[in-house]
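Okay, thanks for coming, everyone. I'll walk you through one structure today, so let me put it up on the screen.

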Amino acid sequence: MTYWITNGTYSYAGAGNAGTFSGWFNWDGTALSGGSLRVTGANPLGLTSPVTFTNVGYDPTSGNAPANSTSPIALYFWNEAGGGNEPGFRLALASPLATTPTNTSSTPISATAANSVFCTNFRDNNNNINSNQVSNNLNCPNASATALQGVSATVAAPAPLSWLGVGALLPMLFLRRRYVALLPNPADPRPRPGLTATAPPAR
């Protein structure tokens with residue numbers, strides 16, 4: 001199931017330190033299978049805006065990371081920078097993702113803004129974090145984190161236009177096309193199928 005992250009905004013300490021973000025990730029209830037996050041605006045990572053983070057991880061339980069006392073339930077988006085440094089963006093969630101996601105699944109953002117951070121070096125229990133990793137030990141060492149003062153976004157898997165909906169629309173479109181075809185065309189003297197030609201009324 002593809003979840004979409006939309007209407008994302010953030011800020012952190014300092015004048016002009018704000019921006020927007022949006023992205024997506026695939027979640028089937030137990031595993032991730034890809035995602036990315038595009039961040040536009042100021043960032044403390046030294047990366048040129050806009051930056052797209054192409055790896056995704058998920059911590060569904062929070063609190064077990066020994067290197068960070070504020071590890072929350074969260075989504076992690078980052079890029080490999082070499083040398084073990086993995087800078088990115090952590091989006092804290094108020095509740096875990098659905099274990100049986102549907103087209104109407106969604107999850108709220110954590111009200112504790114400081115749990116969402118920019119990080120210069122994401123870790124998995126002090127080891128390198130792997131893409132698509134689901135672990136209760138994902139974290140950002142405190143010295144590497146820049147806490148956000150404000151963050152908001154929508155994280156949801158909206159229902160797409162279903163085939164049932166398309167099937168309901170097709171007969172209506174056909175009838176409209178048929179109706180237009182039956183309308184008289186002053187530039188075409190030929191009679192239309194289904195219409196009986198009549199003489200104009202006498203004046």
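Let's start with one spot in a sheet: G57 stands opposite Y76 in β6. Keep in mind that what you're looking at is a predicted model. The strands β5 and β6 run antiparallel, and five bridges join them. In general, strands of a sheet pair through backbone hydrogen bonds, either parallel or antiparallel.

Now zoom out a bit. How many strands form this open sheet? Six, in the order β11-β5-β6-β7-β9-β13, with mixed pairing. At the edges you find β11 and β13, and each of those pairs on one side only.

Next up, the inside. As a rule, in soluble globular proteins, nonpolar side chains tend to be buried together. Here the largest nonpolar core has 30 residues, and the ones touching the most other members are I5, F21, F25, V39 and F89. Several strands give two or more residues to this core, including β1, β2, β3 and β14. There's another core too, apart from that one: nine residues, among them A74, Y76, C119 and C140.

Let me pick V39 and look around. Which residues is V39 in contact with, once we leave aside its neighbours within four places in sequence? The list is Y10, T20, F21, S49, P50, V51, F53, F89 and F118.

Two names in that list deserve a second look. S49 and P50 are joined by a cis peptide bond, with omega at about -5 degrees. P50 is found in the loop between β3 and β4.

While we're on backbone angles, check out two asparagines. N7, in strand β1, has a positive phi, near 55 degrees, and it's not a glycine. N132 also has a positive phi, about 65 degrees, and is found in the loop between β10 and β11. Are they buried or exposed? N7 has a relative accessible area of 62%, so N7 counts as exposed. For N132 the value is 32%, so that one is partly exposed.

Last thing: how far do we trust this? The chain averages a pLDDT of 82, and 72% of the residues score at least 70. Over residues 162-169, though, pLDDT stays under 50, and the model has one contact there beyond four places in sequence. Where pLDDT is low, the predicted coordinates should not be read in detail. That's it from me, thanks!

Definitions and conventions:
Residues are numbered from 1 along each chain as its sequence is written. This is a predicted model: local features need pLDDT of at least 70, side-chain atom pairs count only at pLDDT 80 or more; totals for chains, interfaces and linings use all residues. Side-chain values use heavy atoms; hydrogens and water are left out. A nonpolar core is a set of buried Ala, Val, Leu, Ile, Met, Phe, Trp, Tyr and Cys residues joined through side-chain atoms within 4.5 Å. Buried means under 20% relative accessible area, exposed over 50%, partly exposed in between (1.4 Å probe, protein chains only). Helices (H or I, at least four residues) and strands (E, at least two) are DSSP runs, numbered from the N terminus. Contact means heavy atoms within 4.5 Å. pLDDT is the predictor's confidence in each residue, from 0 to 100. Two strands pair if DSSP finds at least two bridges between them.
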